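Please look over the sequence and the structure shown below before reading on. The briefing that follows is grouped by topic.

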There are 2 protein chains.
Amino acid sequence: MSEDMETTPGSATIARLRRELARGTTELAVLSVLSVRRRYGYELLKVLRETGEGVLEVKEGTLYPLLHRLEDSGHIRASWEAEGRARPRKYYVLTPDGRAYLGMLRAEWGGLVDGMRQLLDTLGEVQEWPTSGRSSTTTRKESDAT
Amino acid sequence: MSEDMETTPGSATIARLRRELARGTTELAVLSVLSVRRRYGYELLKVLRETGEGVLEVKEGTLYPLLHRLEDSGHIRASWEAEGRARPRKYYVLTPDGRAYLGMLRAEWGGLVDGMRQLLDTLGEVQEWPTSGRSSTTTRKESDAT
DNA sequence: CTTGATACCTTGTCACGCAAGGTATCGGGT
DNA sequence: ACCCGATACCTTGCGTGACAAGGTATCAAG
């Protein structure tokens, strides 16, 4: 009665698709937010959820390990701070090292975006590119069956 | 004697960085190229190497499995074709299904790019965002030391 | 006292990208 | 004749990030 979960192996693809595309973006997003001012983890979660139409939404299981990794590599530094409350918050700040790293990440992202745009732009024009000199081989060819 | 490979655990990061960022992009790139006309695997390798300043360069170990996956999911179809040569080429064409999928992918990519741009843009202005009605909590607060 | 929000965390699974390896054909060089 | 590099296809195994799912603890409402 209650086991009607999706047996369609190509329908929930949309989620995986989004996930794979966003890969690596999370780091860029987090560091970018931190580049303005310090934030604590849960706050980052909310900031990213509000910004960019939710496209950059990060899950807890993603964020916390990421923060730890970034801390280990010295890109950010953490500090517990109890501003009067019993439950202290863990604030993260960008280190100079992290700022440099962020620059690299940004450049890399920019390059990728440019590359993709360039590819999508040239798509209409691409007809032939230099390989050995053949031109009219693939264009007119209808000997294939099936 | 000969084991002096990079012991620097944060220096070759640039490659991993690029790799993780480009994740998922490959599919988009490949399908986009195929949306113009059919291509065979090795050809795709070269096309992607030439386009976009090499940012979208794909390795064989990536492309071939990807093509097989796309074929399995019905997004592309393959056909061996020996145009007179002993070694036939395996040509891939986009199926209608694949074209629709490509549309989705494109939209998703566009959304991500927009989201990122939006995030990077708002970075300077973000001061407070609505959570439950508190306004002057995070904004005016300079009791933090260190 | 149970529920939901806040706030931190972990383990295991999935899927992609790639290094590294393999096969086979073909055109040159020497 | 031989080898090398390009062409052209393929595979297995490792590394890695995203996430589902789970766990702990505080606190305010109901």
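A salt bridge here is a side-chain nitrogen of Lys or Arg within 4 Å of a carboxyl oxygen of Asp or Glu. By that rule the side chains of B:E108 and A:R18 form a salt bridge, with N and O 3.1 Å apart. This is a predicted model, in which local features need pLDDT of at least 70 and side-chain atom pairs count only at pLDDT 80 or more, while totals for chains, interfaces and linings use all residues. Residues are numbered from 1 along each chain as its sequence is written, chains are lettered from A and ligands numbered from 1 in the order in which they are written, and side-chain values use heavy atoms, with hydrogens and water left out.

**The interface of chain A and chain B**

- With contact taken as heavy atoms within 4.5 Å, 54 residues of chain A are in contact with 54 residues of chain B.
- The area buried between chain A and chain B (the accessible area, with a 1.4 Å probe, that two parts lose on being put together, summed over both) is about 5000 Å², and carbon and sulfur atoms give 67% of it.
- Between chain A and chain B the count is four salt bridges.
- The interface of chain A and chain B also holds four residue pairs in polar contact, both residues being at pLDDT 80 or more; a polar contact is a pair of N or O atoms within 3.5 Å, where within protein one must be able to donate a hydrogen and the other to accept it, and residues adjacent in sequence count only if both atoms are side-chain atoms.
- On the side of chain A that touches chain B, at least two residues each are supplied by α1 (13-22), α2 (25-36), α3 (41-50) and α5 (96-122) of chain A, with helices (H or I, at least four residues) and strands (E, at least two) being DSSP runs numbered from the N terminus.
- α5(A) gives the most to that side of chain A, with 15 residues.
- By class, the side of chain A that touches chain B has 23 nonpolar, 14 polar and 17 charged residues, where Ala, Val, Leu, Ile, Met, Phe, Trp, Tyr, Cys and Pro count as nonpolar, Asp, Glu, Lys and Arg as charged, and the others, Gly among them, as polar.

**Salt bridges and burial**

- Over all chains, a search of the whole structure finds 14 salt bridges.
- One of them pairs B:E20 with A:R23, the closest N and O atoms being 3.4 Å apart; B:E20 lies in helix α1 of chain B and A:R23 in the loop between α1 and α2 of chain A, so the pair joins two chains.
- Buried means under 20% relative accessible area, exposed over 50% and partly exposed in between, with a 1.4 Å probe and protein chains only; B:E20, at 21% relative accessibility, counts as partly exposed, and A:R23 is partly exposed with a relative accessible area of 31%.
- Within chain B, B:R38 forms a salt bridge with B:E81, the closest N and O atoms being 3.2 Å apart.
- B:R38 lies in the loop between α2 (25-36) and β1 (39-40) of chain B and B:E81 in strand β2 (residues 76-81) of chain B, so the pair ties together parts that are 43 residues apart in sequence.
- B:R38 counts as buried at 14% relative accessibility, and B:E81 counts as buried at 9%.
- A:E20, A:R23, B:E20 and B:R23 are joined into one network by salt bridges that share partners.

**Helix α3 of chain A**

- Seven of the 10 residues of α3(A) are buried, and the helix is thus mostly covered; A:E43, A:L44 and A:L45 are among the buried residues.
- The cover over the buried residues of α3(A) includes α2, β1 (39-40), α4 and β3 (89-94) of chain A.
- A:E43 forms a salt bridge with A:R39, the closest N and O atoms being 2.9 Å apart, and both A:E43 and A:R39 are buried.
- Just after α3(A), A:G52 takes a positive phi of about 60 degrees.

- Of the atoms of DNA strand D within 4 Å of the protein, 67% belong to sugar or phosphate and the rest to bases.
- α4(B) gives the most to the surface near DNA strand D, with five residues.
- The residues of this surface divide into six nonpolar, seven polar and 12 charged.

How values were computed:
A residue is near a molecule or strand if one of its heavy atoms lies within 4 Å of it.
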